[in-house]
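Have it open as you read.

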Amino acid sequence: MSVALWIIATLVVAGVLVYKRTSLMAFSLGMVVMFAIGGLFDIVGPVLWILLAIALVPLNVTSIRQNFLTKPILKAYRKVMPEMSDTERDALEAGTVWWDGDLFSGAPDWKKLLNVPKAELSAEEKAFLDGPCEEVCKMLDDWEVTHELTDMPEDVWQYLKDNKFFAMIIKKEYGGLEFSAYAQSRVLQKLAGVSTVLASTVGVPNSLGPGELLQHYGTKEQQDHYLPRLASGDEIPCFALTSPEAGSDAGAIPDSGVVCRGEWNGEEIVGIKLNFNKRYITLAPVATVLGLAFKMYDPDGLLGETKELGITCALIPRDTDGVEIGRRHFPLNVPFQNGPIRGNDVFVPLDYIIGGAKNAGKGWRMLVECLSVGRSITLPSNSAGGIKQMALATGAYARIRRQFKLPIGKMEGVEEPMARIGGNAYLMDAVTTLSTKGIDLGEKPGVIGAIAKYHMTEKLRACMDDAMDVHGGKGICLGPNNYLGRGYQGIPVAITVEGANILTRNMMIYGQGAIRCHPFVLKEMEASAKDGSAALAEFDEAVFGHIGFAASNFVRSLFYGFGGYRLSTVPGGNATKRYFQQMNRFSANLALLSDVAMGVLGGSLKRKERISARLGDMLSYLYIGSAVLKRFEDQGRLKDDEPLMHWAMQDTLYKLQEAQLAMLDNFGGVGSAMRAIMFPLGRIAKRPSDKNDHKIARMLMEPGETRSRLGEGQFLSAEGHFGFLEQTLQDMIACEPLHSKICKAAGERFTFTQLDALADRGLELGVISDDEAELLRRTEVGRLRTINVDDFDPADLLAGQAAFDYALKNLAKGEAA
């Protein structure tokens, strides 16, 4: 054996052992074996054996390693890492790590993902969707809600209470529905397709609010009192967190609660004097019980030695002295009940604290843990429901509306936005399905919740722009027949609430993900905060595990960069094999880039928001891609659905790739070196093709099983806009052969308009039946309703005092006449 061959063989063995993440002892034994082989061929002599011993003995002898290697590293680590605040610690410790941890590992276990049970509805949940949910969608007129009443009608409010829409999360023992997270998501999707006001009103009590907090943290007395009343609708809850001075930085709320003595029901007790000023509180104007977050202080030591107890959550009845419910906010013509709440020297007992006095100061952790669940359900589901309804409506409209003598959806320029709408509808439903299934399995996925909230609302914003472009004038003229306008206006609300999207992307996703999902960073941080030999041992185990982890991801990234990802073993069929393999490659890249970024920037990484945002994008797109692949596999790898799956995966992987490259391009010399390792052969992911766009656009315009699956669960009853659109689409398609038959008989090419006149001509020629003529006439009515827009008497557009003054003026004119 030549020296060169031995060196290559040794490097290969070392690379394989590191790639496979073998233990330090196994790696050392592998090197000893290779040196022994080298010795047999007179390649390795005493000097190389001595050098190997110098390298391996300190690493494998615990006492030497800890005293001469780990101690200096720990000392340097403590200087570099910033001190963690209590709110940061609570956020990190709350919730759980689920599939996001696998994606951060650099070696996802795809069988684990595919073995997650398929999300399904129970018979009771399905009956609710088909019954009460369908019925309330029929009852609601969104134009009446948003333009005439600026609220839902009283009968709709009562129907929601009577049918326990506000009690989906409440357990049956308290009179609630106790639905799965997946079922809650499907309900909100259906409601959101009809009205943002309806979906928001139902979503908030089932998300972050008193019901959720009470079930997890409330005392038995609180649960027995409030939960049955919340379930029956006798109590309407809201939760007040945001203050004028603290929006996304909720931990900085100035609202206070001071422990003091006061009078309550004629007796002197130890209670809390509250002063608060909240805004943007959904359901506040109609709420009967207020969930309140405030900072609690005990200056006189009435509860113990701690003076500043921290954020605390309490339940305050609306009629408590000093509580003031302000006037309504008016969020962008989407008038769900929302407004400010104030309180001045409001004195309440300690047992108003959720969970009682023992939970004083524990509110932030409670909020973060519950918000991680709510953030995974409400806004992502509303967004998915909106885009599913939009996909069906845009496809129908693009087939019905004609320009230049053909349906506009058959124009290549229109196919592109239609493909984005269809592909994202498939993708977004996949993400909400996987995320809610995780919750149903017992997870509280904080990182996944942030990913779902940010990306689903942003995708809805982009797709709504596409839908408005396709609809043109139909989309911009508000009125009873405009099914896009209010949704378009209200999208910034979803972008802003539950953590503004700028904050969520730049700080939260990766800020939590890097520590929570990384297999060693949190262990290092916890060990470094301790003292003594136990801390040294814990840090030693974590830091050398981290070194091996980073080395493995370096080898993986280098190997995959030269095409080795194509050799990685993955599940799935031929349609998805390459996508799984590319995800392996990008997962290894993310894990390596994370360690490089943390190593180079240390504690300052959290201030480098653009780097953090791009790393967060990588983790997000890996999760989104996982959800798409999981959906395709769960639904049986349906051939007809492949265009949607391909679009979703190609768009996701391309954006994932560009996020990595953008980070490398803005990371100086380190980025250039990493680019040479990760992308030595250039880009590997491409945008969705024009050919695939064409397939999706045609699918949206043709009723069929794939299109039905895309819009599964949405409100398509004949009583609503969307059911009418669906019927008109079917009628238009049925009329196309009739149109051709009449044109052929007449020897003339008629435009596909004035179908009622065309019906008369067909009867004259004797080529169609009376039923077919009636179909043409009905279709013309539907066609005109679809393409026409509403117009108004100027008086109908006035509101409030202006409408009142206008009516008085006309009354005066009538009396004068």
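The points below go through helices, a surface patch, loops and salt bridges.

1. Bear in mind throughout that this is a predicted model. Numbering runs from 1 along the chain as its sequence is written.

2. Take helix α9 (residues 142-149) to begin with. Its buried residues are W143, V145 and T146, and the cover over them includes α12 (196-203) and α19 (485-496). The N-terminal end of α9 is capped by D141, which places a side-chain oxygen 3.0 Å from the backbone nitrogen of W143. Just past the helix, T150 has a positive phi of about 50°.

3. Now the surface. Helix α4 (residues 62-80) supplies the largest share, four residues. F68 sits in α4, and it counts as exposed because its relative accessibility is 63%.

4. H546, in helix α22 (residues 533-561), is worth a look. It counts as buried because its relative accessibility is 13%. Its side chain makes a polar contact with the side chain of H518 at 3.4 Å. Setting aside neighbours within four places in sequence, H546 is in contact with H518, F520, V521, E524 and D595.

5. R709 belongs to helix α28 (residues 705-710). Is it buried or exposed? Buried, since its relative accessible area is 18% and the cut-off is under 20%. Not counting residues up to four places away in sequence, R709 touches R631, L638, D640 and D641.

6. Two loop residues have backbone angles I'd check by eye. Most residues other than glycine have a negative phi. N333, not a glycine, has a positive phi of about 60°; it lies in the loop between β6 (323-325) and β7 (338-349) and is partly exposed at 25% relative accessibility. R637, also not a glycine, has a positive phi of about 50°. R637 is in the loop between α24 (609-634) and α25 (642-665), and its relative accessible area of 42% makes it partly exposed.

7. On to charges. Side chains of opposite charge can pair when their charged atoms come close. How many salt bridges are there in the model? The count comes to 32. One of them joins D102 to K112, with the closest N and O atoms 2.7 Å apart. D102 is in helix α6 (residues 99-104) and K112 in helix α7 (residues 110-114), so the pair ties together parts ten residues apart in sequence. D102 is buried at 14% relative accessibility, while K112 is partly exposed at 37%.

8. E235 and R229 form another salt bridge, their closest N and O atoms being 3.0 Å apart. E235 is buried, with a relative accessible area of 9%, whereas R229 is partly exposed at 32%.

9. E324 is in strand β6 and R342 in strand β7, so to speak a link between distant parts of the chain, 18 residues apart. Both partners are partly exposed: E324 has a relative accessible area of 43% and R342 is at 32%.

10. Finally, salt bridges with shared partners join R186, K388, D429 and R631 into one network. R631 has come up already, as one of the residues that R709 touches.

Conventions
Predicted model: local features only at pLDDT ≥ 70, side-chain atom pairs only at ≥ 80, totals over all residues. Heavy atoms only, no water. Buried < 20%, exposed > 50% of the residue type's maximum accessible area, 1.4 Å probe, protein only. Contact = heavy atoms within 4.5 Å. Polar contact = N/O pair within 3.5 Å; in protein donor to acceptor, adjacent residues only side chain to side chain. Salt bridge = Lys/Arg side-chain N within 4 Å of Asp/Glu carboxyl O.
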